[in-house]
Amino acid sequence: MPYRTTNTDNFIRFLGTAGTRFIMLSQRRSSGGIWFSYGSARGVIDPGPGSLVRICEAGPPLSPMDINAIIVTHRHIDHSSDVNALAEGMTLMARAPKGLVLLTRDCMENGDGVLMRYLCGKIKSIAFHEDGAAVSLSDGTTVESVAHSHHGVQCYGLIFRKDSLPAWGVISDTAPLPHFTERYAECELLVINTTLMYPRARLDHMAVTDVESLLEFLRPKTAVLTHMGNDLLDRGGEYISKQLSSERTKVIAAVDGLTLNLEEQPGNR
Ligand SMILES: [Zn+2]
Ligand SMILES: [Zn+2]
């Protein structure tokens with residue numbers, strides 16, 4: 001484990017780091033998304049296949065019954081398949097509707113929704129991403145949605161804020177977009193779905209060269225590459241993260257189970 005901090009209430013844990021359906025289907029990397037504990041918000045971002053299993057296997061222990069938020073950046077199966085299992089955990093034994101599910105409108109449309117109908121009545125709030133709108137998670141913790149462009153589905157990145165804690169963000173599956181340099185400027189920690197080694201026509205994913213360009217404008221103390229594709233994994237995430245690291249930004253290639261402190265980012269200074 002290259003970088004592990006668990007002696008804090010504010011952390012993210014990578015339940016999975018798989019990028020693309022090929023890696024999800026082979027489970028070369030797990031596909032469980034990201035657990036976050038931030039302020040009093042506890043939740044999972046993009047619970048793909050195996051998310052529940054990775055939560056239950058985690059040490060120190062995590063429980064799906066402790067979460068109060070589930071966030072889906074887009075409807076692709078590697079980001080959404082375990083939504084129902086986690087919603088069942090979030091609402092189990094609750095005497096009243098509980099928790100928040102934040103997802104895209106097309107996750108609930110056309111009779112092909114990712115969230116089972118019987119669970120909708122057990123969830124306190126079902127919210128939809130709107131570009132620039134912040135949704136309240138709990139106790140002053142908010143998450144703002146950032147419009148992405150990804151293979152014809154609705155898709156959004158995330159910026160989390162809480163007074164007294166550093167802001168952090170997630171760039172999900174997307175082609176690189178000009179507004180990222182402005183919107184993610186305040187994030188001290190930035191998770192970037194980096195699927196490709198080099199940009200490829202018709203593939204709406206960030207490539208290593210896109211991340212390199214982005215980090216010339218953004219100044220996160222820590223940038224974390226995840227959702228890596230086969231080419232990138234073959235080359236070696238650690239090798240690539242060293243190439244991208246600079247004096248101002250420590251770049252880390254996520255591995256399954258990686259846990260990072262959200263209270264402070266050591267950076268490279
Ligand atoms: Zn994906
Ligand atoms: Zn996708």
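Analyst: Let us begin with a term: a donor is an N, O or S atom within 2.8 Å of the metal, and water is not among the atoms, so sites may look incomplete. Please also keep in mind that this is a predicted model.

User: Okay, how far apart are the zinc ion (ligand 2) and the zinc ion (ligand 1), and which residue coordinates both?

Analyst: The two zinc ions are 3.3 Å apart, and the residue that coordinates both of them is Asp173.

User: What else coordinates the zinc ion (ligand 2)?

Analyst: Besides Asp173, which contributes an OD atom, the zinc ion (ligand 2) is coordinated by His74 through NE2, His76 through ND1 and His150 through NE2, with distances of 2.2 to 2.5 Å. Written along the sequence, the spacing of these donor residues is H-x1-H-x73-H-x22-D.

User: Why is the arrangement around the zinc ion (ligand 2) called irregular?

Analyst: The angles subtended by its four donor atoms run from 88 to 173°, and this makes the arrangement irregular. To count as tetrahedral, four donors would need all angles between 85 and 135 degrees.

User: And which residues are the protein donors of the zinc ion (ligand 1)?

Analyst: Those are Asp78 (OD), His79 (NE2), Asp173 (OD) and His227 (NE2), which lie 2.1 to 2.7 Å from the ion. The site of the zinc ion (ligand 1) is also irregular, with angles of 90 to 161° among its four donor atoms. Here His79 in helix H3 and Asp173, in the loop between E10 and H6, are 94 residues apart.

User: Are His79 and Asp173 buried or exposed?

Analyst: His79 has a relative accessible area of 2%, so it is buried, and Asp173 is buried because its relative accessible area is 2%.

User: Switching topic, how many residues of strand E13 are buried?

Analyst: Five of the five residues of E13 (residues 222–226) are buried, so this strand is largely enclosed by the rest of the structure. Thr222, Val224 and Thr226 are buried on one side, and Ala223 and Leu225 are buried on the other.

User: Which strands does E13 pair with?

Analyst: Strand E11 (residues 189–196) pairs with E13 in the parallel sense over five bridges, with Val191 opposite Val224. Strand E14 (residues 250–253) also runs parallel to E13, joined by four bridges, and there Thr222 stands opposite Lys250.

Terms used:
Residues are numbered from 1 along each chain as its sequence is written. Chains are lettered from A and ligands numbered from 1 in the order in which they are written. This is a predicted model: local features need pLDDT of at least 70, side-chain atom pairs count only at pLDDT 80 or more; totals for chains, interfaces and linings use all residues. Side-chain values use heavy atoms; hydrogens and water are left out. Donors are N, O and S atoms within 2.8 Å of the metal (3.2 Å for Na, K and Ca); water is not among the atoms, so sites may look incomplete. Four donors count as tetrahedral if all angles lie between 85 and 135 degrees; four count as square planar and six as octahedral if opposite donors are over 155 degrees apart and all others between 65 and 115; anything else is irregular. Helices (H or I, at least four residues) and strands (E, at least two) are DSSP runs, numbered from the N terminus. Buried means under 20% relative accessible area, exposed over 50%, partly exposed in between (1.4 Å probe, protein chains only). Two strands pair if DSSP finds at least two bridges between them.
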